[in-house]
Structure formats: C-alpha cells, structure tokens
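Reader: I am new to this structure and would like to go through it with you. Could we begin with its overall layout and then turn to single residues?

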Amino acid sequence: MDNTKVMDPDAAHAMPAILCLMGPTAAGKSAATLALAARWPIEIINVDSATIYRGMDIGTAKPSPDERAQVPQHLLDIRDPSDSYSAGQFRSDTLALIDAIRARGRIPLLAGGTMMYFKALRDGLDTLPQGDAVVRAQLDARAAQIGWPAMHAELADIDPITAARLSPNDSQRVQRALEIHALTGQPMSSLLTQGKAQADPAPWRYVNLSLEPADRAGLHARIEQRFDAMLEQGLVDEVRKLRARPELHPDLPSIRCVGYRQVWSYLEGAIHGAEMRGQSIAATRQLAKRQITWLRALPDRHIVDCLAPDAVDRVIDLAAPWMKTP
C-alpha cells in the first residue's frame with residue numbers, strides 16, 4: 001500500500017514546505033514524530049481536539065513527560081475540560097506558531113488526527129456567524145425541557161441536509177446548527193455552500209504524509225490493545241476525577257471524546273464494564289474509519305503503511321527532503 005514515490009522538493013523552491021504528519025488513531029504518529037525529532041530541530045504542533053484538555057492524559061494518549069522533554073510540543077493542555085476550542089481558534093493559533101517556530105530557526109511539524117483542524121488550516125473557514133451566548137442559553141433551556149433528539153427533529157424541519165448528517169444526541173452540533181438558523185434565518189447547509197471566508201494565502205505549502213493501514217484488521221487489533229493499556233494505566237480513575245467536578249457533564253466536547261463518554265456512562269451505572277470496553281473500542285474503530293475516509297479524499301498525500309515493520313524509517317526517508325531550517 002505504501003506510496004513511497006520520492007517527493008520533489010525542487011518543485012517548491014519558491015515556497016517553503018510545512019510537513020503534516022497525519023493518520024488515524026493508533027497509527028503510530030507519536031513514534032514517528034519522536035524519530036523525526038531525534039534527527040532534526042523540529043517543534044511539534046499537535047493537531048488534536050482531545051489533547052488540548054488539561055487532566056485528560058490517559059484516554060487521549062497524550063505524550064508523556066519524557067516524550068515532551070525530547071521535543072517542544074505545542075497546543076497541549078491549553079484548555080480546561082469545561083471550555084471549548086474551535087477550528088478557527090486552532091487555525092489562528094497554528095499560523096502564529098508556525099511563524100514563531102520558523103523565527104527561532106527551527107522546523108514546525110504538524111502532527112495529529114483531527115482532520116477538521118487540518119481542513120480549516122488548508123482551506124480556510126466557512127463564513128458562519130460567531131456564537132451568541134444568549135441564543136445558546138435559550139436553546140439549552142429548550143433542550144432541557146424536550147431533549148436533544150426532539151431538538152434534532154426541529155432541525156430536520158428547517159435544515160434537513162444538516163440534520164441528516166448529525167446524530168440526534170450530538171447536542172453540540174445540533175445546537176450550533178439551530179443557533180446559526182436563529183441568527184441568520186438561513187439553514188447552515190446553505191451557508192456552507194456559499195464559500196469560505198477569504199484569508200491571506202500562507203507563504204508556504206503543506207506536504208501531507210499519511211500513516212494508513214494496509215490491513216484494517218491490523219489497525220483494529222492495535223486499537224483494542226491500546227484501549228486495554230489505557231484501562232491498566234488508570235483511565236477509569238481519570239474519568240472519575242472529571243466526574244467529581246460539578247461543572248462538567250456529558251454534553252461537553254471534552255467529555256464526548258471517544259473513550260471518555262463510555263467510561264462516564266459506566267461510572268453512572270448506565271453500562272457494565274464489559275459493555276464500556278466494547279463500546280469504547282467500537283467507537284474508536286468508527287473514529288479511525290472516518291479519519292481514513294477523509295484521508296483518502298486527499299489527492300496529494302504520500303502514504304506509508306503504518307503496520308509495516310519499517311514504517312518509521314519510511315517516514316524519515318520521505319520527510320528528509322523537507323526538513324530544512326528557515
């Protein structure tokens with residue numbers, strides 16, 4: 001499966017390249033980034049919507065203190081689990097970080113699996129209105145009365161295209177779609193077709209290096225093994241500490257992260273331990289499937305089989321032409 005065609009750096013002489021190391025969960029991105037850091041003066045910008053949260057270390061497979069000591073890492077532990085973080089904020093933070101890292105004479109490396117963040121960085125942002133606290137409070141109050149599935153049904157009446165791609169229990173996204181309609185009088189789906197907000201073009205190009213499995217079953221085995229390791233490392237206790245905070249609840253983006261919401265349900269007594277494990281592994285596999293589907297839509301990615309014994313060496317070889325200090 002490996003697409004190890006040599007990348008031609010001469011084609012981009014007029015524009016420096018920023019390497020993006022992407023792939024599904026459990027593909028081995030962390031091992032590859034550390035191997036790159038052992039050879040070049042890189043700084044990692046984490047492209048991950050879960051590792052941004054403080055106190056959520058085990059279930060997000062966050063780099064350990066030893067790993068962080070080996071290479072500077074950015075966008076870790078930048079939000080409390082009670083807070084939110086948008087793709088727009090990620091884009092703004094990342095563009096500033098790239099400039100700062102290059103100004104230090106070092107090499108920025110974007111690494112992670114939150115494809116929405118990569119998309120926002122490459123393509124810009126949809127022209128959607130900013131959030132409105134008053135409208136959201138009104139929607140939350142109504143949801144408390146009738147429930148989010150009923151709110152989803154209301155969304156289906158005004159924006160069937162958006163409702164069709166959202167789960168009735170996806171409170172965060174259902175709320176956002178209803179909020180946009182309340183603010184603009186238009187369905188979110190129609191606004192998304194009106195184009196992206198204009199942004200100044202970045203003075204570099206993104207080079208996409210993708211760790212993907214040649215055998216989906218092999219990745220599934222890794223996912224299962226990794227989740228069992230998380231349980232052994234104390235994932236349940238980590239979620240128990242989060243549940244002890246009265247301001248945290250299952251509808252927050254942080255608690256909706258894969259693994260966390262299943263362990264939360266287990267601690268509430270809604271499911272048994274075996275069900276929690278099975279649901280967490282199944283949800284992680286579904287996440288990986290969505291990530292792979294997104295990656296396959298990228299025509300310009302360079303693929304390395306993440307299950308190959310020499311996967312890290314292949315990443316190093318493909319990355320080498322682009323590892324140039326400013």
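Predicted model: local features only at pLDDT ≥ 70, side-chain atom pairs only at ≥ 80, totals over all residues.

Reader: Which residues belong to domain 1 and domain 2?

Author: The domain assignment gives 16-124 + 200-322 as domain 1 and 133-196 as domain 2.

Reader: How many residues of each domain are in contact?

Author: Contacts between the two involve 6 residues of domain 1 and 6 residues of domain 2.

Reader: And what area do domain 1 and domain 2 bury between them?

Author: The buried area is about 480 Å², and 40% of it lies on carbon and sulfur atoms. On the side of domain 1, Asp251, Pro253 and Arg256 supply 65% of the area buried against domain 2, more than any other three residues.

Reader: How many salt bridges are there between domain 1 and domain 2?

Author: The count is 1 salt bridge. Arginine 256 forms a salt bridge with aspartate 170, and their closest N and O atoms are 3.7 Å apart.

Reader: How many residue pairs are in polar contact across that interface?

Author: There are 2 residue pairs in polar contact across the interface of domain 1 and domain 2, with both at pLDDT 80 or more. Sorted by class, the residues of domain 1 that touch domain 2 are 1 nonpolar, 1 polar and 4 charged.

Reader: A change of topic: where does leucine 75 lie?

Author: Leucine 75 is in the loop between β3 (73-74) and α3 (87-103). Its phi is positive, about 65°, although leucine 75 is not a glycine.

Reader: Is leucine 75 buried or exposed?

Author: Leucine 75 is buried, because its relative accessible area is 9% and the cut-off for buried is under 20%.

Reader: What about phi of aspartate 77?

Author: Aspartate 77 also belongs to the loop between β3 and α3. Its phi is near 55°, a positive value in a residue other than glycine. Aspartate 77 has a relative accessible area of 24%, so it is partly exposed.

Reader: Finally, where is alanine 17?

Author: Alanine 17 is in strand β1, which covers residues 17-22. Alanine 17 is buried, with a relative accessible area of 18%.

Reader: Which residues is alanine 17 in contact with, leaving aside its neighbours within four places in sequence?

Author: Those residues are Arg205, Val207 and Trp322. As for leucine 192, alanine 17 is 175 residues from it in sequence and 29 Å from it in space, C-alpha to C-alpha.

Definitions and conventions: Residues numbered from 1 in each chain as written. Heavy atoms only, no water. Domains from an automatic or database assignment. Contact = heavy atoms within 4.5 Å. Buried area = accessible area lost by both parts, 1.4 Å probe. Salt bridge = Lys/Arg side-chain N within 4 Å of Asp/Glu carboxyl O. Polar contact = N/O pair within 3.5 Å; in protein donor to acceptor, adjacent residues only side chain to side chain. Nonpolar A, V, L, I, M, F, W, Y, C, P; charged D, E, K, R; others polar. Helix = DSSP H or I, 4+ residues; strand = E, 2+ residues; numbered from the N terminus. Buried < 20%, exposed > 50% of the residue type's maximum accessible area, 1.4 Å probe, protein only.
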